[in-house]
Every structure is written in structure tokens, then in C-alpha cells.
Amino acid sequence: MNRENSRRSDFKKGLDAVEGRRRRTETTISLRKDKKSEGLAKRRAMSSPVPPAAAATDSAMKPEGAAAVETSKAYTAADIPALAAALRQPAIPDATLLETVRGFRKVMSVEHNPPVDEVLASGVLPAFVQMLGLHDKPKVQFEAAWALTNIASTEETKAVVDAGAVPHFAALLASPSPEVREQCAWCLGNIAGDSAALRDIVLSSGAMQPLLQNIAQPDNDGLFGNCVWALSNFCRGKPAPHLSLVAPALPTLVQVLKSDKPAEVKSDALWALSYISDGDDDRIQAVLDADPTLASVLMGMLTDDSTLATPALRTVGNIVSGNDDQTQAIVEAGFMDRINVLLHAPKRMLRKEACWVLSNIAAGTHEQIGKVLKTKGCTQRVVEMATSSEWEVRKEAIWVISNIATGGTDRQVMSAVEAGVIDAVCSILNVNDSKMLLVALDALDAILKLGAKTGKEYESFVDECDGLDMIEALQEHESEAVYEKAVALIETYFGAEDGEEDENIAPEVHGGTFSFGVPQGKMGEVDPAATAQPFTTFNFAAV
């Protein structure tokens with residue numbers, strides 16, 4: 001890393017690397033919450049009624065000819081004792097076994113409040129796991145896997161794992177039955193999406209390679225989509241899985257993005273890439289090395305449509321948080337050509353993420369800062385957002401400005417000042433956010449230091465937008481760091497005015513005249529030491 005890159009690394013993710021990582025983690029958490037609220041962290045296989053998003057998948061999972069043999073009998077929680085008793089019959093006939101496990105599956109496939117606790121209390125969970133080993137009965141395997149999937153979609157995921165189901169699911173990803181493979185991928189996705197600990201159990205089971213094989217050679221679109229979704233859950237969670245466990249998925253994920261598959265499937269692949277790239281430079285480089293065209297592929301996903309743009313922008317943001325060469329890969333792929341669309345996107349999260357990406361580009365080399373400043377309309381839009389957008393967006397816009405101010409060349413900082421960044425930075429000096437106050441004060445310090453160096457009166461710009469008043473008010477701030485920074489700025493750039501320096505010089509009356517220029521001691525006495533120095537006085541006749 002050259003000297004400039006080393007210097008910039010202190011600012012690459014904001015005030016310091018720890019701060020940058022914290023911001024990334026908070027954003028990730030908020031995005032995951034949004035994603036989970038949409039029902040994407042876990043999926044429960046429904047029977048009736050079938051939600052629109054699952055309708056195609058539900059029908060695709062039914063074995064050929066299932067409609068002809070499956071009874072239309074409806075089951076409720078009241079049937080659980082009888083179903084459990086049926087499973088305990090010695091030498092249970094195949095038809096009875098299939099109908100019984102199907103009955104359990106139907107009981108748990110209701111849309112609201114499935115009676116999972118009642119099913120578990122009946123003691124049949126070990127039987128469901130045993131059914132996964134009945135390789136001569138694929139329909140029973142399918143129904144058992146479906147029932148287990150619905151249990152794993154609730155808060156009882158760990159019960160499925162503790163019952164020993166994961167190794168069976170991993171092995172069944174190579175089942176001759178595509179319906180069984182799909183249902184097992186679905187359940188593994190639910191388990192991996194529950195927690196990092198359960199995800200690691202899934203990864204250690206050897207499920208990754210057969211899952212990738214099903215994506216590379218799917219029997220149907222339902223199988224393909226569910227396997228890509230499961231793969232995204234294999235890669236998610238904190239702490240992140242070891243890179244060696246998820247890196248084999250990277251070429252497959254890129255191929256999914258290059259395919260003509262639906263946006264929902266590509267979105268899952270993008271989320272998987274965002275999970276893998278969220279980390280150190282080695283993880284970022286592994287993503288970039290997966291395919292030389294990946295950066296360009298990501299650029300094609302950056303529109304104002306949040307379905308693809310949100311996870312694509314998250315991945316891009318992770319990449320530019322790496323070293324300067326990794327950031328440059330995104331710049332060269334044409335990111336700045338798309339930035340204005342993103343900065344004007346209707347979705348708040350897209351605008352926030354776009355500013356976050358910009359802030360890390362602006363924390364790069366002088367050439368990269370220049371790209372930001374030279375992109376038509378970009379700086380003006382950032383200034384506007386820093387002043388008047390939602391607070392989450394304003395914060396990221398201030399980071400952009402601060403990184404330019406603290407890391408740009410003199411000419412680049414002057415260009416930013418001409419675009420109005422002083423007003424934007426001063427606009428947040430009255431907020432109750434100590435960290436952002438420090439970011440803003442650091443930016444002002446850098447700008448005012450340049451003004452002092454070049455003879456430009458930038459302090460008057462600060463004063464004109466009421467920034468000085470707000471900085472003075474920060475001398476009373478509860479944060480010691482904010483207080484010290486505010487005092488330092490005032491003492492360095494807004495020192496006492498000439499009139500204030502002379503406040504202890506009082507006029508002395510000598511006969512009928514006033515003499516100015518002789519410093520007075522306490523109680524009107526003249527300081528003897530002061531009178532030893534020659535002074536020029538002006539005498540005006542007293543009226």
C-alpha cells in the first residue's frame with residue numbers, strides 16, 4: 001500500500017476503522033430486519049390457503065399424480081392425538097403411514113398459528129426424522145420433510161436439529177426425487193436462517209456442494225428458486241461463516257445473476273453476495289475474483305427498483321469499504337454513472353446506501369475523490385440531502401462531505417466549499433448525536449485550516465450560516481470530545497476580536513482631556529510596568 005493509501009486508511013470507513021465497521025453492522029441489521037419482516041428469513045410451506053408467492057412452489061413440490069391419490073380430508077389440531085396413535089401402530093401399512101404423515105403436514109400448513117407445540121408434545125418428531133431414511137418411499141420422505149420444514153419455520157427450529165434431521169436433509173439433496181430435494185433444501189434454508197450456530201451445523205453437514213449442484217442442474221424452476229434462497233441463508237448471519245465454507249458458492253451466484261431467471265431469485269443471489277462480501281479485504285477480493293465481469297453485472301442491477309438495487313448496492317458498498325484497488329474496481333465499472341439515479345430514488349434506504357457508498361469512495365485516493373466531485377449534480381445533491389433529507393440519509397451525506405474535506409486536495413476541498421458544503425455541515429451542529437457532531441466539526445476544522453492557509457475567509461461562511469453560534473453552544477455539550485473540539489475551533493479560527501482584546505483599557509482623565517492607550521490596573525491604577533513602555537495617546541478636549 002503506498003503512502004497515500006496508508007494515510008487514507010485512517011479515514012476509509014469514517015473517523016476510524018472501528019467506527020466504519022459499526023456503521024456497516026447497524027445498516028446490515030436494519031436491512032435484515034426489513035428482509036425478515038417480508039417473510040424471507042424463513043418460509044413455511046402452506047397447503048390451504050396458498051399465498052400468491054408460494055403458489056407455484058407449492059404445486060411444484062407435489063409428486064406426479066399426487067392429486068389422484070391424496071385424500072381431500074381436512075385435518076385440525078383436534079386430530080393430533082389420533083394421528084400420533086396411528087404412527088405407533090406396529091407394522092403400519094404404507095398407505096396409512098403416508099396418510100398419517102400427510103395429516104400432520106396439513107395440520108401445520110395452516111396460515112395462522114400452526115399447532116406446532118401440540119405436534120411436538122405428541123412425541124412424533126423422531127418418527128418424522130426416521131421417515132427421511134425410507135428411501136423406497138419418496139412420497140413419505142417428501143411429506144415428512146414438508147412437516148419438518150413447517151416446524152423449522154417457527155421458533156422450534158432447534159428441535160428439528162436436535163432430532164438429527166440435518167444429516168438426512170443433506171444426504172437427500174441427492175435424492176432421485178426432485179420434490180424431495182426441493183423440500184430438503186427448503187428446510188435446510190429455514191434452519192440456516194435461524195441463527196449462526198444452526199447455520200454452521202448445516203454447513204458442516206456437507207450440504208453446500210449438493211445444493212450448488214441442484215442450482216447448476218435444476219429439474220424445475222421451483223427447485224432452482226428454493227435452492228438459491230436456501231443458499232442465501234447458508235451465507236448469512238453474524239458472525240459470518242468462514243470464507244472457505246461459502247467461497248465455493250461464488251461462481252454459482254454470479255451465474256444466477258447472469259441468467260434470465262426472475263428478479264426474486266436474482267435478489268436472493270445478490271443478498272448472498274452481500275453476506276459473503278461483508279468483512280475484511282480477503283472476503284471482498286474473493287467476491288471480485290469470482291468473475292471478472294461481476295462489477296459490471298452489479299452495475300446493471302443499480303436502478304431505482306429496490307428489489308434488485310438494495311442488495312446490489314449493499315454488495316457494492318461492501319466492496320468499496322475495502323482497499324483502494326477494490327474501490328477502484330467499482331469506480332471503473334461505472335458506478336458514478338448511476339449515482340444520480342440512486343441519490344434521487346424514492347426509497348429512503350436506497351438513498352442512504354448510495355451515500356454510504358459515496359462516503360467510502362470519497363475516503364479513497366485523490367483520483368477517486370475527484371470522480372465524486374466531477375460527476376455532474378452529485379455534490380450538489382449530497383449537499384441538499386445533508387441539509388434536508390431524513391436523518392439517516394443526512395448522516396451518510398455528511399460522511400461524504402467530511403471525507404472529502406479531510407482527505408481531498410486543496411483544490412478539491414475548495415471545490416466542495418463552492419458547492420455549499422459549509423452550510424450543509426453547519427446545519428447539523430444542533431443535533432443530539434455526538435458522533436456526527438465530531439464528524440461535522442472535523443470537516444469544519446479541515447476546511448477552516450485550508451482557508452487560513454490560502455487566505456480565504458471561510459470562517460465568515462461559517463458565521464453567516466449561524467455556524468459560529470452553534471459551535472459556541474457546543475462548549476456546553478455533555479460530550480467532553482465535542483466540547484474540546486468546539487473550544488479548539490473557536491480558539492483557532494474565531495479568536496477574540498480586536499475590540500474584545502482592549503476591554504480592559506479604560507480612558508484616563510488628565511485635567512480636561514481623556515488619554516487612551518494606557519492599560520489600567522485594578523481600581524483604576526496604572527500598571528507601572530505598562531507605563532514603562534512608550535505609548536501613543538490621543539487627546540480630545542473634554543466637554
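Which residues does L98 touch, not counting residues up to four places away in sequence?

Reply: L98 touches K139, V140 and E143 once residues up to four places away in sequence are left out, a contact being heavy atoms within 4.5 Å. Before going further, please note that this is a predicted model, in which local features need pLDDT of at least 70 and side-chain atom pairs count only at pLDDT 80 or more, while totals for chains, interfaces and linings use all residues. Residues are numbered from 1 along each chain as its sequence is written, and side-chain values use heavy atoms, with hydrogens and water left out.

L98 itself sits in helix 6, residues 94-107, where helices (H or I, at least four residues) and strands (E, at least two) are DSSP runs numbered from the N terminus. With a relative accessibility of 15%, L98 counts as buried; that word means under 20% relative accessible area, whereas exposed means over 50% and partly exposed lies in between, with a 1.4 Å probe and protein chains only. Although L98 and E143 are 45 residues apart along the chain, their C-alpha atoms are separated by 7.6 Å. For the setting as a whole, the protein chain has 35 helices and 3 strands, and buried residues make up 54% of its 543 residues. Among its contacts between residues at least 6 apart in sequence, 70% join residues at least 24 apart.

On either side of helix 6 there are loops to look at. In the loop between helix 5 (80-87) and helix 6 lies A91, which is not a glycine and yet has a positive phi near 50 degrees; A91 counts as exposed, at 77% relative accessibility. The loop between helix 6 and helix 7 (116-121) holds S109, and the loop between helix 6 and helix 7 also holds N113. N113 has a positive phi of about 50 degrees without being a glycine, and N113 is exposed, with a relative accessible area of 72%. S109, by contrast, counts as buried at 0% relative accessibility. The side chain of S109 reaches the backbone oxygen of R105 at 2.7 Å, and a polar contact of 3.0 Å joins the side chains of S109 and N150. A polar contact here is a pair of N or O atoms within 3.5 Å; within protein, one must be able to donate a hydrogen and the other to accept it, and residues adjacent in sequence count only if both atoms are side-chain atoms.

T310 is found in helix 21, residues 306-320, and is buried, with a relative accessible area of 12%. A polar atom of the T310 side chain lies 3.0 Å from the backbone oxygen of S306.

Helix 13 (residues 196-204) shows how burial can be arranged along a helix, for A196, L198, R199, V202 and L203 are buried there. Seen down the axis of helix 13, these buried residues fall within an arc of 160 degrees, so they line one face of the helix, the arc being that of the directions from the helix axis to the C-beta atoms. The face turned away from that buried side carries the exposed residues A197 and S204. After helix 13 comes G206, with a positive phi near 85 degrees.
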